[in-house]
Amino acid sequence: MIRQPSRHCTVELQALPARIGQVRRIVSAQLRYWRLDPLIDPAALGVTELLANVHRHARPSKQCTVQLWVLLDQLTVSVHDRDPRLPRIRAADTWETCGRGLALIASLSESWGVRPDGSGKVVWFTLPALHLVPEKAGPCAIGWDGPLLEDAAAAAGPRAGVRSAGVG
């Protein structure tokens, strides 16, 4: 059996409209780096929806953490914020311009959920990563993933903190 190493990336930010686009670019760059290009669009769309919910609903702070991790054949994307109120899926009327975010997450993902976490909550979803391209053998690295993440973080601006670890 061939096992893939787990891969992990963390981005800390204020969920403000300008930052959401920057995080989409970071997520896209990270998935490209991990050779998971087919997951870029659904992961970026899901992250956008979850961050829009933080921006719209989270109190008292818009501070949040986005995490991506790949373990075996699954990508998990999660957003942690400091608001303990748990979201729920609701049926939006056809004329409404919002209220479909969690339904969209449910439809694009393999699984999703919400869990309380300390003084806040975590909303997560998974995508199948069945076609992982094997990585070249090399030393195990824990910490920054190198220039790609640094470039992505620089493009995102000084307020979006990015941490990533690869574990072999």
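Modeller: Helices, of at least four residues, and strands, of at least two, are DSSP runs numbered from the N terminus. This is a predicted model, and read along the sequence its chain follows the pattern β-α-α-β-β-α-β-β-α-β.

Biologist: How many helices and strands does the chain have?

Modeller: The chain has four helices and six strands. Of its 168 residues, 42% count as buried, and among contacts between residues at least 6 apart in sequence, 65% join residues at least 24 apart.

Biologist: At what angle do helices H2 and H3 pack?

Modeller: Helix H2, residues 40-57, and helix H3, residues 101-108, pack at an angle of about 155°, with their axes 9 Å apart. Angles over 145 degrees count as roughly antiparallel, so H2 is roughly antiparallel to H3. The crossing in which H2 passes H3 is left-handed.

Biologist: Which residues make that contact?

Modeller: From H2 come Pro 42, Leu 45, Gly 46, Glu 49, Leu 50 and Asn 53, while H3 supplies Gly 101, Leu 102, Leu 104, Ile 105 and Leu 108. Sorted by class, the contact of H2 with H3 has seven nonpolar, three polar and one charged residues.

Biologist: Which residues of H2 are buried?

Modeller: Among them are Gly 46, Leu 50 and Asn 53, each of which also takes part in the contact with H3; the buried residues of H2 also include Ile 40, Ala 43 and Val 54.

Biologist: What span should the 18 residues of H2 have?

Modeller: At 1.5 Å a residue they should span 26 Å, and the end C-alpha atoms of H2 are 25 Å apart, which agrees.

Conventions:
Residues numbered from 1 in each chain as written. Predicted model: local features only at pLDDT ≥ 70, side-chain atom pairs only at ≥ 80, totals over all residues. Heavy atoms only, no water. Axes fitted to C-alpha atoms, helices over the stretch in contact; angles between N-to-C directions. Parallel < 35°, antiparallel > 145°, perpendicular 65-115°, else oblique. Left-handed = near helix turned anticlockwise from the far one by under 90°. Contact = heavy atoms within 4.5 Å. Nonpolar A, V, L, I, M, F, W, Y, C, P; charged D, E, K, R; others polar. Expected span 1.5 Å × (residues − 1). Buried < 20%, exposed > 50% of the residue type's maximum accessible area, 1.4 Å probe, protein only.
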